[in-house]
Amino acid sequence: MTDAEKRLWSRIRDRQISAFQFRKQVPIGSYIVDFCCLKEKLAIEVDGGQHSEMINTDAERTAWLEANGYRVLRFWNNDVLQNTDGVVEAIARLLSSSKVEFLD
């Protein structure tokens, strides 16, 4: 795991967000998502700079996951590292709502 993934994992593991269970490196179809709450079908991706060159690939991946009932949240590594509390709050907010939110 990257430093950003390790930091986020330390904040979402062991049911720290409203007792929701997350797993890391979860296979879904032909993809592996960084983190997933299977019960809520929430996939979380933590992206590094190389993803700025993979916009189409990431869009296809997100479209496939959404077509299969998953909500997808993407965060940049620097957001996780510099604003961990804000990232965790965004995840908690999404889990506590019944509507899909798109977070930049």
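Hi everyone, let me start with a definition: the expected span of a helix is 1.5 Å times one less than its number of residues. Helices here are DSSP runs of H or I with at least four residues, strands are runs of E with at least two, and both are numbered from the N terminus.

A word on the source: this is a predicted model, where local features need pLDDT of at least 70, side-chain atom pairs count only at pLDDT 80 or more, and totals for chains, interfaces and linings use all residues. Residues are numbered from 1 along each chain as its sequence is written, and side-chain values use heavy atoms, leaving out hydrogens and water.

First, the overall layout. The chain has four helices and four strands, in the order α-β-β-β-α-β-α-α from the N terminus. Of its 104 residues, 41% are buried (under 20% relative accessible area with a 1.4 Å probe, protein chains only; exposed is over 50%, partly exposed in between).

Now to helix H4, residues 84-96. At 1.5 Å a residue, its 13 residues should span 18 Å, and the end C-alpha atoms are 18 Å apart, so the two agree.

Which residues of H4 are buried? They are Thr84, Val87, Val88, Ala90, Ile91, Leu94 and Leu95. Seen down the axis of H4, these fall within an arc of 155°, taken from the directions from the axis to the C-beta atoms, so they line one face of the helix. The face turned away from that buried side carries exposed Asp85, Glu89 and Ser96.

And the neighbours? The buried residues of H4 pack against helices H1 (3-12) and H3 (77-82), and strands E3 (42-47) and E4 (71-76). Thanks, everyone!

Conventions
Contact means heavy atoms within 4.5 Å.
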